[in-house]
Amino acid sequence: MKSTKARCLLLACGNTLRGDDGIGPWLCAWAEERFSGDSRVEAIGRQQWTPELALDIAEAETVVFIDCSAASAPGSVSVQEVRPAAATQALGTHHVGAPELLNLARELYSSLPRAALLVTVGAGSMDLGEEFSHAVKAAIPEACRLLEKAVLDCLDAASSC
Amino acid sequence: MSQTITIDPVTRLEGHGKVTIYLNDKGEVENAQFHVTQVRGFERFAQGRPFYEMPSLMARICGICPVSHLVASAKACEAIMSVRIPHTAAQLRRMLNLAQMVQSHALSFFYLSSPDLALGMESDPKMRNILGVAAAKPELGRAGIALRRFGQHIIELLGDKRIHPGWVIPGGVTEPLAPAKRDEILAMIPDAYANLSLALNWYKQIADSFKPEAAVFANFPSLYMGLINEDESIEFTDGALRLIDAKGETVEDGILAPRYTEVIGEAVEPYSYTKFAYYKPLGYPEGSYRVGPLARLNIVKSMGTEKADKELAEFKQLANGPVESSFYYHHARLVEMLHGIEKIEAILADPKILDKHVRATAGVNRLEGAGQAEAPRGTLNHHYKVDEDGKIVWANLVIATGQNNNAMNKGVLQAAKHYVNKGKFTEGVLNRVEAVIRTFDPCLSCSTHAYGQMPLVLSLVTPDGEVVDQLVRS
């Protein structure tokens, strides 16, 4: 289905109808615009991450996962390295996390991206609605800056090999 | 002292439900109920909307089988419009519905049920998931992912979206098929055959080891219903309803959508938000019947495609008459996927498939219309009434999971009676009770999402609320 290997795959997750949960797809769309015309970058925004994305990950040289975080302080932006991990709980019907997706890519396709980063923004509210909370709105410039840096770092990592 | 066992929520299902098992003073299972604990209300909030909005509105019922809702809804609207859609549009819809069936069956078989089949009902619950399958049987995991992507990609190519495509509209489809898309789908067919063959061969190797489960997984006589063509081959998008009895004799045939109320009634129970469909002449609950892959294979004489016909013949060897155990829904699902791939290939060979005439237009010509289609998990009926302006004044949806509701409840009771011994149970027992429900692949609500953890709790509770035993899966 794909003929070229993405140098940097952006993989966002979130429901745009549930307040701050939609920050992942919003940032993904922003990055897609920011890197438009750069064929090395591919963006996929989904409501939930599902197992079949393991193939996209296996075919990418680097991956940046983008999500909101219910565990972080509202509006706090974090970038961290992600490593493959077994499921720590019974997996939900459709949803798998970034570490489990990397694990699936490794188990099924014997392939892992050279770099995998997770960019998160702490959620203030995930109530019904398409607006972000004040904390998340205020964090958008910083989130965009760190996401841009993450993508550029991943492209560097991909081109250095 | 009587007790109650509660499984809440039941895992690896589409949506949210729970199971309650009632024990008597001797610790024997007296009753069991499968509760669907979420309420949707689509029939009510559709009222007042223009009828032509209904397909895209109704598709939101489900994130796994929106195409079936699109098709059934569009057909109900076309009954209101009194139009017959162009041949090419009908073929394109058929292909879309088959693609959805393939991806949905792949989800059910590989993601939800293969952990039980590949790793065992008693295996470590932390590993009993798609990651565990990937570690133990990577070739099976790859096949599952590839087949799901196959179906999803066809839906995306035809409808521009993997989920909730807006391509199907009252009167046909919005756009004809482009040659490049046809060629892209055709190029995926050989891999789809190879992956399906791998899965089918693997299933046949392990199926016999689950004979004890098959004996008590909703293994009882019932009626079976589904859509069928005039030549008695399987049909997912058009055709008419056939009902057969427990001996395989046809009791109703040629039932088109407007006549479904003559044969199908719906009952309500206080413990579930899902209705309980039944065959009217036998009443409720005696008129319990099953729909979906097992039922479809039981009612048809052929699949209408060469490879699947060979598999159907083998499937029918499982019983002398209808195959009764719901465990064999798994087998039936694989046969249907094979048929889906073959049929998609055949549709693309239709010389008229690139025809530009794919839509009929009309306004309101009738004040009532009904449409039916086969969703992956069973027959789906949409029935609408409109006013002179075409606004919906009444809607009723008969959904597959409701039609399997009686059988699921009866199946849970059968398995609980077999496995729960004097009030004692293990995690493996709990999993088998859930696995009975998984065979039906019920769709409680695919479009409803849950936040956070979904712990599984099995509790023994006395009538005064005291928890005497508890098993927690987190």
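Reader: How many residues of domain 1 of chain B are in contact with residues of domain 2 of chain B?

Author: Before the answer, note that this is a predicted model, in which local features need pLDDT of at least 70 and side-chain atom pairs count only at pLDDT 80 or more, while totals for chains, interfaces and linings use all residues. Residues are numbered from 1 along each chain as its sequence is written, and chains are lettered from A and ligands numbered from 1 in the order in which they are written. Chain B is divided into domain 1 (3-39 + 405-473) and domain 2 (42-359 + 397-403), with bounds that come from an automatic or database domain assignment. Two residues are in contact if their C-beta atoms, placed from the backbone, lie within 7 Å, and on that basis 32 residues of domain 1 of chain B are in contact with 36 residues of domain 2 of chain B.

Reader: Which elements supply at least two residues of the side of domain 1 of chain B that touches domain 2 of chain B?

Author: Helices (H or I, at least four residues) and strands (E, at least two) are DSSP runs, numbered from the N terminus. Here β3 (29-36), α14 (405-419) and α15 (427-440) of chain B each supply at least two residues of that side, and the largest share, 9 residues, comes from α15(B).

Reader: Which residues have the most contacts inside the largest nonpolar core?

Author: In soluble globular proteins, nonpolar side chains tend to be buried together. A residue is buried if 20 or more other C-beta atoms lie within 10 Å of its own, exposed if 12 or fewer, and partly exposed in between, with C-beta atoms placed from the backbone. A nonpolar core is a set of buried Ala, Val, Leu, Ile, Met, Phe, Trp, Tyr and Cys residues joined through C-beta atoms within 7 Å. The largest such core has 188 residues, and those with the most contacts inside it are Leu10(A), Val64(A) and Val412(B). Helix α4 (residues 87-119) of chain B gives the largest share of this core, 16 residues. Because domain 1 and domain 2 of chain B both give residues to the core, it lies between them. Leaving aside neighbours within four places in sequence, Val412(B) is in contact with Val19(B), Ala32(B), Phe34(B), Val433(B), Val436(B) and Ile437(B).

Reader: In what order do the 5 strands of the open sheet in chain A lie?

Author: Two strands pair if DSSP finds at least two bridges between them. The order in chain A is β2-β1-β3-β5-β4, with mixed pairing. Its edge strands, each pairing on one side only, are β2 (41-46) and β4 (77-81). From one strand to the next the twist averages 20 degrees. Helix α1 (residues 23-34) of chain A packs on this sheet, touching β1 (8-13), β2, β3 and β5 of chain A, and its direction makes about 150 degrees with that of β1(A); axes are lines fitted to C-alpha atoms, for helices over the stretch in contact, and angles run from 0 to 180 degrees between N-to-C directions.

Reader: How many of the residues of β5(A) are buried?

Author: In a regular strand the side chains alternate between the two faces of the sheet. For β5(A), 8 of its 8 residues are buried: Ala115(A), Leu117(A), Val119(A) and Val121(A) point one way, and Ala116(A), Leu118(A), Thr120(A) and Gly122(A) the other way. Strand β3 (residues 62-69) of chain A runs parallel to β5 (residues 115-122) of chain A, joined by 8 bridges, and Ile66(A) has Val119(A) as bridge partner. β4(A) pairs with β5(A) in the antiparallel sense over 5 bridges, where Val79(A) stands opposite Val119(A).

Reader: Which residues of helix α11 (residues 306-316) of chain B are buried?

Author: They are Ala308(B), Asp309(B), Glu311(B), Leu312(B) and Phe315(B). These residues cover an arc of only 165 degrees around the axis, which puts them on the same side of α11(B); the arc is that of the directions from the helix axis to the C-beta atoms. On the other side of α11(B), Glu306(B) and Ala313(B) are exposed. The cover over the buried residues includes α10 (293-299) and α12 (329-348) of chain B.

Reader: Is Ala178(B) buried or exposed?

Author: Ala178(B) is exposed, because 12 other C-beta atoms lie within 10 Å. Ala178(B) is found in the loop between β5 (172-173) and α7 (179-206) of chain B.
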